[in-house]
Amino acid sequence: MSQAQIERVELGELTCWRVQLGDSELLVAQQGAQILHYQQGEQPPILWLSEQAGYQRGQSVRGGVPVCWPWFGDLARNPLPLQAMHDDPASAPAHGGVRGLDWQLLGIDQQDEAVSLRFAFDSRTQPLAHWPHAVELSLEIRLEQRLHLRLSSRNLDQQTLHLSQALHSYFAVSDIRQVSVLGLDGCRYLETLDGWEERRQHGALQFAGETDRVYLDVPPRLALVDAAWNRRILLEAAGSRSAVLWNPWIDKARRLSQFAGDAWQRMLCIETANVWDDCIELAPGASHELHLSLWSEAL
């Protein structure tokens, strides 16, 4: 494999790093340590990035892999011990606060035909509003033949800490109506569009309308099968037993920011997570790691 090419680029108000290694390309923003783009060779990008993406400070970019932390979604939908971590739950922003904040770039290293970008966020030096806890959060992004992410939380508080989180991955698809997700057969899920009722998946997951489901007891590997693009995208996770699958479909797409009215056809979120009964409980001094590897294969 040839030597990596690494360059700093400015997109709007955001500082980013573009990495080219062999036939793979990666783009990462310092804000939120957010991956914006990942592509292998001549095939379509693996990650979807909105055509209307805004690159503004303080605002998560629509697409790629935003980091949701120290809670996922609406704080009021999280377990009570996790809600109690916040001093003013009514004011809590969706998906926690770190997506729109700059992380510290610890280094970019190349070794053994791989490139690693290491980012850190320390809530002691960059406190989150109404969340008075001491945590070291880090994200290592390693590009080789596959893309590997490792999100680590270390509790520096004197009390037990409760967290939920997600690597909110947006995947590019040829047509959401023609793809399927394998690996969820038999899993429990919460149908958030129908009173958060618990149901069970039967067979492959296919899409014919708005989808917003929290899957539980998820196996380590899922596959997104896209016959029109002759590929399957593989997700392999560790430190997670839950996943959120989301597509806004037609009506909700019209109300989303940074989102074209027809973009719902071209994306699917499969969010590797620690949510619901898979939330994290960290004793003082304890750490948790969430791992995700991504790659694609021809059908």
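The points below take up the basis of the model, the annotated residues, the pocket, the cavity and two further residues.

1. Basis. The model is predicted, and local features need pLDDT of at least 70, side-chain atom pairs count only at pLDDT 80 or more, and totals for chains, interfaces and linings use all residues. Residues are numbered from 1 along each chain as its sequence is written, and side-chain values use heavy atoms, with hydrogens and water left out.

2. Annotated residues. According to the unreviewed UniProt entry, the annotation "active site" covers His168 and Glu271; such positions are given in the numbering used here, feature names are shortened, and annotations may be inferred rather than shown by experiment. Although these residues are spread over 104 residues of sequence, they cluster in space, with a largest C-alpha distance of 4.5 Å. Both His168 and Glu271 belong to the lining of the largest pocket.

3. His168. This residue is found in the loop between β11 (165-167) and β12 (170-172); strands are DSSP runs of E with at least two residues, helices are runs of H or I with at least four, and both are numbered from the N terminus. His168 counts as buried at 7% relative accessibility, where buried means under 20% relative accessible area, exposed over 50% and partly exposed in between, with a 1.4 Å probe and protein chains only. Not counting residues up to four places away in sequence, its contacts include Cys68, Phe72, His95 and Glu271, contact meaning heavy atoms within 4.5 Å.

4. Glu271. Strand β21 holds Glu271, which is buried with a relative accessible area of 2%. The side chains of Glu271 and His168 are joined by a polar contact of 3.5 Å. A polar contact is a pair of N or O atoms within 3.5 Å; within protein, one must be able to donate a hydrogen and the other to accept it, and residues adjacent in sequence count only if both atoms are side-chain atoms.

5. The largest pocket. On a 1 Å grid over the protein atoms alone, a pocket is an open set of points with protein on both sides within 12 Å along at least five of seven lines, a cavity is a set where a 1.4 Å probe fits but cannot get out, and lining residues have an atom within 4 Å of a point. The largest pocket is lined by 31 residues, of which Phe72, Gly73, Ala94, His95 and His168 lie nearest its centre. The elements giving two or more residues to this lining are β17 (211-216) and β20 (242-247). About 670 Å³ of space lies in the pocket, a volume being the space filled by probe spheres set on grid points joined across faces, edges and corners.

6. The largest cavity. Its volume is about 80 Å³. Of its 13 lining residues, Val218, Pro219, Leu222, Ala237 and Thr272 lie nearest the centre. The largest share of the lining, three residues, comes from β19.

7. Gln31. Located in the loop between β3 (24-29) and β4 (34-40), Gln31 is buried, with a relative accessible area of 3%. A polar atom of the Gln31 side chain lies 3.3 Å from the backbone oxygen of Gln56.

8. Trp264. The loop between α2 (249-253) and β21 (267-274) contains Trp264, which is buried at a relative accessible area of 6%. A polar atom of its side chain lies 3.5 Å from the backbone oxygen of Gly261.
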